[in-house]
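I opened this notebook to keep track of what I looked up, entry by entry.

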Amino acid sequence: MASQQHSLSYVGCNFLRQRLVLSTLSGRPVKIRKIRAKEENPGLRDFEASFIRLIDKVTNGSRIEINQTGTTLYYQPGLLYGGVLEHDCSPSRSIGYYLESLLCLAPFMKHPLRIVLRGVTNDQVDPSVDVLKATALPLLKKFGIDGEGFELKITRRGMPPKGGGEVTFACPVRKVLQPIQSTDPGKIKRIRGTAYSVRVSPQIANRIVDSARSILNKFIPDIYIYTDHMKGTSSGKSPGFGLSLVAETTSGTFLGAELASNPQGQGTAVLPEELGLNCAKLLLEEIYRGGCVDSTNQSLVLLLMTLGQQDVSKVLLGPLSPYTIEFLRHLRSFFQIMFKIETKPSYEELQGGEKVLMTCVGIGFSNLSKTIK
């Protein structure tokens, strides 16, 4: 185990979450230097500090050292502990920023995780809670992470800049993950969505739905877009609206797309009709990219394949996003695992963009703190 303690060193603020999550799972300490060292306002941002606090909450015995200017971070991971927690997320990034990492860590806790996150539920930067609920949860179920205590619920919506949203996430623990063979994306059979509006006229959600349907109805009849208008305390502190769409295929693949309005007082006002049309086009683009996992969850599926039993896992993805490519490099650094990557040109059966078949043998990661009942 001596080699395991060898710490990894990185420079810069990019991919901070990837490094901390993989460090926690692999047990290898990590040192990150020169975080925004040349900027006027150097060091960690408030949302990154909030993320580090969250990691500290879900683990037990982690050692975190940050220098005075916040430009150097040393992290020695502890044990994933879990339990019932609460966390106030920084309003400068949405809850999705924190949730993406929790989805990677939650199955390997000692105690089942149940956490209440407060902050911005939908913004223009990170995947919203709606899309993660519709695409990431079914993905985890494929690896055998399922059960009664598995849920993601929005109790309040919060739009930027002030937030005020609240989300409950609960996930059971697993000792080992099942390998997956997911190579057939299937055909799109239905589209579901949620048009939400907070602190604006409820009519706006209906206008979004009409404009999105005007495009999608040409392709498929089975479309249902819910309108979600939250009032009073459950509507957060800032006005806004948006749309999240998810296409489901015959083989159980979920592809998501979303758009949110500009935060109050920032940028030009967006018409609900425009937002609906653009979001529908984004969904069609995601379908064109295709694969068995949408572009937001590529890194999640690759991580779960890496941590699976010592068996072959395969997944067909659309074109890899830059974030995923960097994630593959990090997987190699932390777990010494390499994927076999085969490009599949688009031919008659596989419509759309070029696909990539990713194959790997899991490292047989087992949740050591989980006692077998």
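**Entry 1: a helix on a sheet.** I found that α5 lies across β12, β13 and β14 and runs at about 165° to β13. I took helices (H or I, at least four residues) and strands (E, at least two) as DSSP runs numbered from the N terminus, and angles as running from 0 to 180 degrees between N-to-C directions, with axes being lines fitted to C-alpha atoms, for helices over the stretch in contact. I keep in mind that this is a predicted model, in which local features need pLDDT of at least 70 and side-chain atom pairs count only at pLDDT 80 or more, while totals for chains, interfaces and linings use all residues. Residues are numbered from 1 along each chain as its sequence is written, and side-chain values use heavy atoms, with hydrogens and water left out.

**Entry 2: the helix itself.** I checked the length of α5 (residues 203-216): at 1.5 Å a residue its 14 residues should span 20 Å, and the end C-alpha atoms are 20 Å apart, which agrees. The expected span is 1.5 Å times one less than the number of residues. Which residues of α5 are buried? I noted I204, A205, I208, V209, S211, A212, I215 and L216, where buried means under 20% relative accessible area, exposed over 50%, and partly exposed in between (1.4 Å probe, protein chains only). What covers these buried residues includes β12 (188-198), β13 (223-230), β14 (240-249) and α6 (272-289).

**Entry 3: the sheet.** I read the strand order as β13-β12-β14-β15, an open sheet of 4 strands with mixed pairing; two strands pair if DSSP finds at least two bridges between them. The edge strands are β13 and β15 (254-260), each of which pairs on one side only. Neighbouring strands of this sheet are turned by 15° against each other on average, direction ignored. Between β14 and β15 I found antiparallel pairing over 7 bridges, with G242 opposite A260 in β15. Helix α4 (residues 129-142) also packs on the sheet, where α4 touches β12, β14 and β15 and makes about 165° with the direction of β15.

Entry 4: I looked up E248, which lies in strand β14 and counts as buried at 14% relative accessibility. Leaving out residues up to four places away in sequence, E248 touches K187, I188, K189, R190, T253 and F254, with contact meaning heavy atoms within 4.5 Å.

**Entry 5: two packed helices.** At what angle do α2 and α3 pack? Helix α2 (residues 46-58) and helix α3 (residues 95-105) pack at about 25°, with their axes 11 Å apart. That makes α2 roughly parallel to α3, since angles under 35 degrees count as roughly parallel, over 145 as roughly antiparallel, 65 to 115 as roughly perpendicular and the rest as oblique. Among the residues that meet, I noted F47, F51 and L54 in α2, and Y97, Y98 and L102 in α3.

**Entry 6: other strands and a last residue.** I saw that β11 (residues 181-182) and β16 (residues 312-317) pair in the parallel sense over 2 bridges, and that S182 stands opposite V315 in β16. Strand β16 is also joined to β18 (residues 355-361) by 6 bridges, running antiparallel. Finally, S299 lies in helix α7 (residues 298-306) and counts as buried at 10% relative accessibility.
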